[in-house]
Structure formats: structure tokens, C-alpha cells
Amino acid sequence: MPRLFTGLEIPHDVGFALSLKRGGLGKSRWIDASNYHITLHYIGDVDNQTGNAVANCLDGLRVDPPFSVTINQLGVFGGNRPRVLYAGVEPCPQLLALHEMHERALQKIGLKPEGRKFTPHVTLARLNGVSAEEVANHIGRAGVFYPLTFTVNQFVLYSAKDSVGGGPYLVEERYPLAA
């Protein structure tokens with residue numbers, strides 16, 4: 001059974017800039033820059049029939065014209081028990097609309113709503129035994145975060161191996177935004 005999700009690929013130059021924020025957080029598992037992405041919708045483990053239905057329903061989604069996304073900060077999920085260090089994405093109307101389109105399209109084929117608030121981000125590290133203070137110090141040492149902007153021309157359907165997250169991810173299909 002493939003584990004599927006939809007997302008936006010991160011251009012190589014943006015991925016390289018984000019990779020410079022790596023290191024210095026204990027036994028944390030840093031995500032390889034080649035696996036950086038912005039998740040639009042996590043689908044999960046599905047059978048091949050459902051996987052084909054997902055691929056087909058995504059084929060009709062279009063956002064016209066392409067739009068820009070800006071990554072503008074470092075953040076952490078988990079509060080006092082940090083689990084993930086991420087690069088935050090500035091929400092923009094087109095990105096939010098694309099996420100909503102995915103949500104509605106996938107529900108139409110019988111998949112459940114994702115169930116958590118959409119917080120666009122790029123996961124940089126899965127944290128392991130790192131205190132909130134250590135993460136705050138790391139973010140402080142990282143210095144000024146210069147915004148990274150890129151144009152989104154497509155979204156992709158990814159598959160992942162059964163693991164604890166972080167890749168490797170395989171692009172199963174690419175979907176252009178404009179018809």
C-alpha cells in the first residue's frame with residue numbers, strides 16, 4: 001500500500017538556502033534538502049484502487065495563474081515538547097485555495113478530511129529529546145531569516161516509504177496549475 005500526500009516541490013536554490021539552517025540540535029533527524037516540500041494534503045496509506053482514484057481526481061484541479069510562495073521564518077511544532085523544526089510559509093490566498101481544492105476533491109472520492117489546521121511549512125528536522133530552550137537558542141543562532149520566494153507552477157502527488165517520516169519521497173505525478 002502506498003502512503004500518499006500532495007505537495008509543492010521546493011526549488012533547489014531555496015532548498016540549499018534552507019539546508020544552511022541545519023545542525024546543532026542533538027540527536028535530531030535532519031531532513032535531506034532533496035526531500036523538502038510543502039504538504040498540501042496528507043492522504044495516508046491507501047490501496048492501489050484508491051491511489052488511482054486520487055491521481056484521477058487531482059488531474060482536474062487548476063489554479064490560474066501560477067503564484068508565488070514566500071518562506072519567511074523558522075518555527076517549531078510541539079511547544080514545550082518540540083517535535084519538528086520547520087521553515088514557515090507565509091499564507092497567501094492562492095495557496096490556501098489550492099489546499100481547500102485538494103480537501104474538497106479528496107472528500108468527493110470518499111477520503112476523510114485532514115482534521116488539523118493547515119499550517120504551510122517545510123519540515124527541516126524531526127526533533128528527538130531536544131528541549132524548548134535548545135530549539136529557541138538554535139533559532140536565535142540561525143540569525144535573520146531572509147525571505148525565500150519562488151513561483152509555484154505545479155503541485156505533485158508524492159508517495160513515501162513506510163517509515164517515521166522524512167523521506168525518501170517519490171513524485172508519482174505532476175499537475176500543472178494552469179490549463
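Contact means heavy atoms within 4.5 Å. The structure shown is a predicted model, in which local features need pLDDT of at least 70, side-chain atom pairs count only at pLDDT 80 or more, and totals for chains, interfaces and linings use all residues. Residues are numbered from 1 along each chain as its sequence is written, and side-chain values use heavy atoms, with hydrogens and water left out.

Figure 1. Val-84 is found in strand 5; helices (H or I, at least four residues) and strands (E, at least two) are DSSP runs, numbered from the N terminus. Not counting residues up to four places away in sequence, Val-84 touches Gly-75, Val-76 and Phe-77, together with Thr-123, Ala-125, Arg-126 and Leu-127. With a relative accessibility of 9%, Val-84 counts as buried; the term buried denotes under 20% relative accessible area, exposed over 50%, and partly exposed the range in between (1.4 Å probe, protein chains only). Val-84 and Val-135 are 51 residues apart in sequence, and 9.7 Å separates them in space, C-alpha to C-alpha.

**Figure 2. The two faces of helix 2.** Helix 2 spans residues 48-58, and its buried residues are Gly-51, Val-54, Ala-55, Cys-57 and Leu-58. Seen down the axis of helix 2, these buried residues fall within an arc of 170°, so they line one face of the helix. The arc is that of the directions from the helix axis to the C-beta atoms. An α-helix has 3.6 residues a turn, so residues three or four places apart point the same way. The exposed residues Gln-49, Asn-52 and Asn-56 are carried on the face of helix 2 turned away from its buried side. The packing partners of the buried residues are strand 1 (3-9), strand 3 (37-45), helix 3 (93-108), strand 8 (154-160) and strand 9 (169-176).

**Figure 3. The start of helix 2.** Here a side-chain oxygen of Asp-47 reaches to within 3.2 Å of the backbone nitrogen of Gln-49. A polar contact is a pair of N or O atoms within 3.5 Å; within protein, one must be able to donate a hydrogen and the other to accept it, and residues adjacent in sequence count only if both atoms are side-chain atoms.

Figure 4. Tyr-175 lies in strand 9 and is buried, with a relative accessible area of 1%. The side chain of Tyr-175 reaches the backbone oxygen of Ala-55 at 3.0 Å. Leaving aside neighbours within four places in sequence, the residues in contact with Tyr-175 include Ala-55, Leu-58 and Asp-59, as well as Phe-155 and Val-156. The C-alpha atoms of Tyr-175 and His-138 are separated by 37 Å, although the two residues are 37 residues apart along the chain.

**Figure 5. His-102 has its place in helix 3 and, at 0% relative accessibility, counts as buried. Beyond its neighbours within four places in sequence, His-102 is in contact with Thr-6, Leu-40, His-41, Leu-58, Leu-61 and Phe-155. Leu-95 is also placed in helix 3 and is buried, with a relative accessible area of 0%. Its contacts, with neighbours within four places in sequence left aside, are Leu-8, Leu-40, Phe-67, Val-89, Phe-118 and Pro-120. His-138 in helix 4.** Helix 4 covers residues 132-141 and includes His-138, which is buried, with a relative accessible area of 6%. The side chain of His-138 reaches the backbone oxygen of Gly-23 at 3.3 Å. Leaving aside its neighbours within four places in sequence, His-138 is in contact with Lys-21, Gly-23, Leu-25, Trp-30 and Leu-85.

**Figure 6. Asn-80 in a loop.** The loop between strand 4 (67-77) and strand 5 (84-89) contains Asn-80. At 72% relative accessibility, Asn-80 counts as exposed. A separation of 27 Å lies between the C-alpha atoms of Asn-80 and Gly-44, which are 36 residues apart along the chain.
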